[in-house]
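Thank you all for coming. I would like to walk you through one model today, slowly and with the rules stated as we go.

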Amino acid sequence: MIKYEGILGTTELHRHYFSDLIGHTVTSCFGVAGMANSGASQSLRQHLFKAHSYIDQGVCVKEENGELIIELHIIITYGVNVNAVVDSIKNKVNYTVTEATGLKVKKIEVFIDGMKE
């Protein structure tokens, strides 16, 4: 849970909310072919349940001093400009999270785990 204080009181947001919000945002960006597993728990879940894609796959959100640190693991389309895709993802995720929650994003790390044609 990520808690923050507002003028009307305390609001608690679950990490899955952020994962879903960010997952939808990233997969809608040009050049993103999909998301990759970001850790052992996501790999295990995929292996056990034989699911091919969860929207929160490849997204890890942490809170530090009231600011968010977002880690993304993506698969890009072959032949796209990697820097342009990463910049686009960072800008879009930062804007979407800030607009939806009002929380500040401290850092967004994008890891490219593969390519698809």
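This is a predicted model: local features need pLDDT of at least 70, side-chain atom pairs count only at pLDDT 80 or more; totals for chains, interfaces and linings use all residues.

Residues are numbered from 1 along each chain as its sequence is written, and side-chain values use heavy atoms, with hydrogens and water left out.

Let me start with the layout. The protein chain has 3 helices and 6 strands, where helices (H or I, at least four residues) and strands (E, at least two) are DSSP runs numbered from the N terminus. Along the sequence these elements follow the pattern β-β-α-β-α-β-β-α-β. Of the 117 residues, 37% count as buried; here buried means under 20% relative accessible area, exposed means over 50%, and partly exposed lies in between, with a 1.4 Å probe and protein chains only. If we take contacts, meaning heavy atoms within 4.5 Å, between residues at least 6 apart in sequence, then 65% of them join residues at least 24 apart.

Now to the helices. How do α1 and α3 cross? The axes of α1 (residues 15-27) and α3 (residues 82-101) come within 10 Å and cross at roughly 140°, the axes being lines fitted to C-alpha atoms, for helices over the stretch in contact, with angles from 0 to 180 degrees between N-to-C directions. The two helices are therefore oblique to each other, because angles under 35 degrees count as roughly parallel, over 145 as roughly antiparallel, 65 to 115 as roughly perpendicular, and the rest as oblique. The crossing of α1 and α3 is right-handed, which is to say that the near helix is turned clockwise from the far one by less than a right angle. On the α1 side the contacting residues include Tyr17, Phe18 and Leu21, and on the α3 side they include Ile89, Lys92 and Val93.

Tyr17 is partly exposed at 36% relative accessible area, whereas Phe18 is buried at 0%.

Next, Cys29, which sits in the loop between α1 and β3 (32-35). Is Cys29 buried or exposed? Cys29 is buried, with a relative accessible area of 6%, and leaving aside residues up to four places away in sequence, Cys29 touches Ser88, Ile89 and Lys92. Cys29 and Ile89 are 60 residues apart in sequence, yet 6.5 Å apart in space from C-alpha to C-alpha. Cys60, for its part, is partly exposed at 24%. The search of the whole structure finds 0 disulfides, a disulfide being a pair of cysteine sulfur atoms within 2.5 Å.

Finally, Asn65 lies in the loop between β4 (59-64) and β5 (67-77). Its phi is near 55°, a positive value in a residue other than glycine. Most residues other than glycine have a negative phi. Asn65 is exposed, with a relative accessible area of 74%.
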